[in-house]
Amino acid sequence: MRDFNFLADDGLVDAILSEIAGLLQTLITDGHSGSVDLLGLPLSASCLAALEQRLGKGEITAILTAAGKSEFRETSFAGIWWSSHADETGRVAAMLIEVALVPQILLADLDDMRSGHQRLLEATNFSRQRKSA
Amino acid sequence: MTFLAFARGPALQVATLIMIAGIFWRLAGVLLLRRRVAHAAARAPFLRRLTGGAKTIVTRTIPRKNFWPRVATGVSLGWVMHLGLFVILFAGAPHILVLHQITGLSWPNLPKGVIVMASAITFAALIALLVRRLTHPVLRLLSNVDDYLSWLLVFLPITTGILLSGETIAGYGTLLALHILSVEALMIWLPFGKLMHVALVFAGRGMMGFNFARKGAAT
Amino acid sequence: MTQDAETLGTMLARRGFGRRSLLKFAIVMTSSLALPPSLAPVMADNLAKAKRQSVIWLSFQECTGCLETLLRSSAPTIDALIFDFISLDYQEALMASAGAAAELTLRQAVAANQGEYLLAIDGSVPLKDGGVYSLTGGRSNVSMLEEFAVGAKAILAIGTCAAYGGIPKAHPNPTGAVGVEDVISGKPIVNIPGCPPVPEVLSGVLVYFVSFGRLPDLDDRKRPLAYFGTTIHDQCYRRPFYDQGKFAKSFDDEGARQGWCLFELGCKGPTTHNACASLKWNNGTSFPIESGHGCIGCSEPDFWDQGGFYTSLAGGSAAGWRNAGIAAAVGLAGGAAAALSARSKSSRPPEDKP
């Protein structure tokens, strides 16, 4: 799709940054995370690029490979993450700014850990059986 | 049938036909009236009488200097309103589109910002004209239903047009239907009240100038 | 655990999809449904606990385009699995059985899920002459709809035909076609219009229903607000050109090549509510305006009878030169009669006044 060359809407970028600042304040005081759905806003490609530039890059990048590739980048502001979720065809299906200690999806899930623990026990039991055999 | 489909369909057709029939009725009704026979010899050839008529149409648009103090406000406001209307109708993209649909002719439009300004000025002029009519003792005495109705039927298209171009208050479809219906109301009333001046002003001044030229008077 | 008692979470785990995949799916769906991102974990939790949802699909007076668009939408693996889980118990075009066996399947599915199944309808319902213009197994659509609506938890009217009557309803509507909502009342109905509808809209409605146990918020035409809350015009990438007054005048002029607004070429974007300007078609590939053709308003009622796809919204249907000529003649006659009457009065000698 041709990208139309209109000026980056600084006003909109400022408004989003203002909202993110508010969410970060809430995280600091109450510990509650928040997010901004970027695909739900009428952002042009240049506006999105301007926002990305203003937020900058931090120290951490994480890749999740589940039902397609997702990428999580901490911005130059601690606690503010740029999350991008692509489906199996590579199309970006969701893009968010997450304000959290760490994006929730990166945390290990309790049910997944339980089934993993079970598999681990089975694997170690099996290897013990093999060793003893 | 949706509201908009009604406005763009049967309502538009009926309004158009009533307006055409009405205009022909009024013009025929005036032009076929008995005219007093002029027994004096003509002081100018036919061509000179025709150009005299055309000249009067133009010269009468500006009042004579001696009348200015009395008529300045009304004439100025009227000019501003008519010029604004002209810009909106003939330089606004959607209206050029309508005229193109009817006549096949098309020409470049002015930027939307210019039309917005013209609309605001026309709107203000209309309000000022109404206030003047209501507060000027002579005008108030002379004004009747025709005057106020004609004012309203011009005011409504301007107002609905402004709301439509701002896409505010209601959905686009509703605003467009209201705008088209307000224009249709204007079209239906046009032949039967003072709004018929759109044709009669030219006919009236033209005839007067023609006769003046015949008499050898100034046009 | 039997297949029917299995939850979606267990089924996904069985297929090797952990909790993260489901959460990612929920993040994508909350974005698509215009829900707050904070609802994603709630949706993921609810989906994990969800049991099989029965859907019974009846096709009436339709072209099968709505079904085709949903089948052909190439969804990524997890979406496909989740929709596999939504048990499509009956659909005539897809199921293997036919005739009496198909009818038995239908009755069994309805009986097994009484009060809980979603009834999906595509195609309009013809009413004229007792509904004889569309029959399945000799039975009219209207009678089938009335019977199977009773045990449904909610009805999905898929496509403009099912929602508002669509193409069969176009003038002169020889079969008396109407939409589902004109036949059924007192049941929750969702209209998912479009000719065809955007596939993600149906997915979104189904996921919402399975996650939250109810239909999403609807507008005054019973359409999901998340997808039909704005017009094409509001989301169109060519909107800056509309605002600047830059319009393509024909399909191959310089303006068209520059991607200018298609308003003058009949685009009905300003009066059409749908999600195609943002979600687009074929997994976000394109939509009519991006491909250079104005919106035809296919998700609005009576879109076929709006006076032409290439007549701009600024225009309308003309009275026609013949009618205009007749009107002029009538006017002339009336005016002439009035003038003649005035003339004859003025030639009579003035009466003596008392």
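## Two helices of chain B

In this predicted model, residues L149(B), L153(B), V154(B), L156(B), P157(B), T160(B), G161(B), L163(B) and L164(B) of α8(B) meet L175(B), L176(B), L178(B), H179(B), S182(B), V183(B), A185(B), L186(B) and W189(B) of α9(B), where contact requires C-beta atoms, placed from the backbone, to lie within 7 Å. The residues of this contact divide into 14 nonpolar, four polar and no charged.

Helix α8 (residues 145-166) and helix α9 (residues 172-189) of chain B pack at an angle of about 160 degrees, their axes lying 9 Å apart, and they are therefore roughly antiparallel to each other (angles over 145 degrees count so).

## Where chain B touches chain C

Between these chains, 35 residues of chain B are in contact with 37 residues of chain C. On the side of chain B that touches chain C, α2(B) gives the most, with 14 residues, and by class this side has 22 nonpolar, nine polar and four charged residues.

## The faces of α5(B)

In α5(B), the residues A93(B), P94(B), I96(B) and L97(B) are buried (20 or more other C-beta atoms lie within 10 Å of their own). Seen down the axis of α5(B), the buried residues fall within an arc of 155 degrees, so they line one face of the helix. The face turned away from that buried side carries I102(B) and T103(B), which are exposed (12 or fewer such atoms).

## Numbering and confidence

Residues are numbered from 1 along each chain as its sequence is written, while chains are lettered from A and ligands numbered from 1 in the order in which they are written. Because the model is predicted, local features need pLDDT of at least 70 and side-chain atom pairs count only at pLDDT 80 or more, whereas totals for chains, interfaces and linings use all residues.

Definitions and conventions
Axes fitted to C-alpha atoms, helices over the stretch in contact; angles between N-to-C directions. Helix = DSSP H or I, 4+ residues; strand = E, 2+ residues; numbered from the N terminus. Parallel < 35°, antiparallel > 145°, perpendicular 65-115°, else oblique. Nonpolar A, V, L, I, M, F, W, Y, C, P; charged D, E, K, R; others polar. Arc of directions from axis to C-beta.
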